[in-house]
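Let's take a walk through this model together, stopping at a few residues along the way. Have your viewer ready.

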Amino acid sequence: MKVLYCTVGGSHQPLLETIDFHSPDHIVFVCSDDDPASGTSGTHKLIEGPGYVCRSSYNSPPDLPNIPTQLGLSQDAYRVIRVAADSPAHILEKLLPELRQDAAHSPVVADYTGGTKSMSAALMMAAVQTDNVTLSLVTGTRAQHTRVQDGDEAVSKIDTTQVRAFWWLDLVEQAWSRYAYDDAVRILKNTGSSAPFLRQLLQLSRGYAAWDRADYAEAYRRLYATPTLVEGKLMGTIALLKKEGLDVYTEACCIYDLYLAALRRAKNGQYDVATLQLYRAFEWIAQWTLYYHHDKIETGKVKKEIVEKYKDLVHENHKGLYVMGSYQAWLLIERLDGPLAPLARATKTSRLTLSEIRNDSMLAHGTTPVSRAQFSQMRTYFEDTILPDFVQVAFKGKVQSKQLPNEFPSNLELTFSLQMPPKKQKAD
């Protein structure tokens, strides 16, 4: 069953045209109610009024009966929704529940030709927020740019998916602003539009979502499909991160990327997750230093000669392996006198603050969430005290990695391309 929603204005001709064109099984007439302040009758009289209420021409007095009578509609073939003529919020409040209920069971056409601007706007807004609804508009020749001439009306179908896509584009932009790329993916998958820029945004969102969860191979695959929309340094970084097998430089880039991920989580107020990521970056720097700058020492499987020489820094785990924690790893760096030994000595006491904030997190050993102030303290210490020395050793002071974007690419064309039919070739 097809349902037609149409806003009713002062002329009945566009309604007859759209009803004839769409041949609905049920019609919902959206009419203005009477204005108690001025005493003006609403357009509901064109549907419910007795006697002659419609005009056969623009300047003539009413000389035709109401629309259901003209069309021979039975009482159950239509219904009337009365709305305040100039209150979009009130109109939308009344229309949206009914439109969604009808659209859940039947295809709906929403023709917003007649009525006040508020009525038309509200019906269009309700339509683009509802699946299974097609927009329709009656157009024609306008005399002196005023009104469509009677008899010149023609029905045009409006691409609801395109209108809805622009409606939702702001939500996608908001998701990107907080690095919520997975949210952007879910929104874009529901637009139903085939516009090229939306497909590109979907590909980019999927790529950055994969990068955000450190699935570097998937991120590279997605972003490589639209390389011109990815900033050069980012493309270079993801090409490096997705490599199989780590080396001293690649692993340092992974550590720095984890630090950037912590900042993204903090942007969303996820301070406990951000704290764990930042602490893991701090711990990983120690592990990276011991492995690449001290003869491949692994904290999860300490070599025999290290165990014998530094017994106070290791302990045996349940698997019978000798391991060391983060604090002990930094003590070993200090004793081995390598490139980060000065940092280890200088922060022997102060770096315990990082451990305390992390341990108090409910995601570690505590019972309360990390506050914004606590994470800010941890971030400031990490950025001012730990990060500069690591960057100097790992990247000679010049980091190539950048934060993931929270804005659309500047060269993304946010327009719908109109597919024009190919020109016919002239015969020779």
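Where is the place of Thr130? Thr130 sits in the loop between α5 (117-128) and β5 (133-139), where helices (H or I, at least four residues) and strands (E, at least two) are DSSP runs numbered from the N terminus. Before going further, note that this is a predicted model, in which local features need pLDDT of at least 70, side-chain atom pairs count only at pLDDT 80 or more, and totals for chains, interfaces and linings use all residues. Residues are numbered from 1 along each chain as its sequence is written, and side-chain values use heavy atoms, leaving out hydrogens and water.

Thr130 counts as buried because its relative accessibility is 5%; buried means under 20% relative accessible area, exposed over 50%, and partly exposed in between (1.4 Å probe, protein chains only). The side chain of Thr130 reaches the backbone oxygen of Ala126 at 2.7 Å. Thr130 and Leu99 are 31 residues apart along the chain, with their C-alpha atoms separated by 7.7 Å.

Now for the cysteines. With a disulfide taken as a pair of cysteine sulfur atoms within 2.5 Å, the count comes to 0. Cys54 is in no disulfide either, as the nearest cysteine sulfur, that of Cys31, is 11 Å away. Cys6 is buried at 0% relative accessible area, and Cys54 is buried at 1%.

Tyr179 is buried, at 10% relative accessibility. Tyr179 and Arg264 are 85 residues apart in sequence, yet 6.5 Å apart C-alpha to C-alpha.

Note on methods: Polar contact = N/O pair within 3.5 Å; in protein donor to acceptor, adjacent residues only side chain to side chain.
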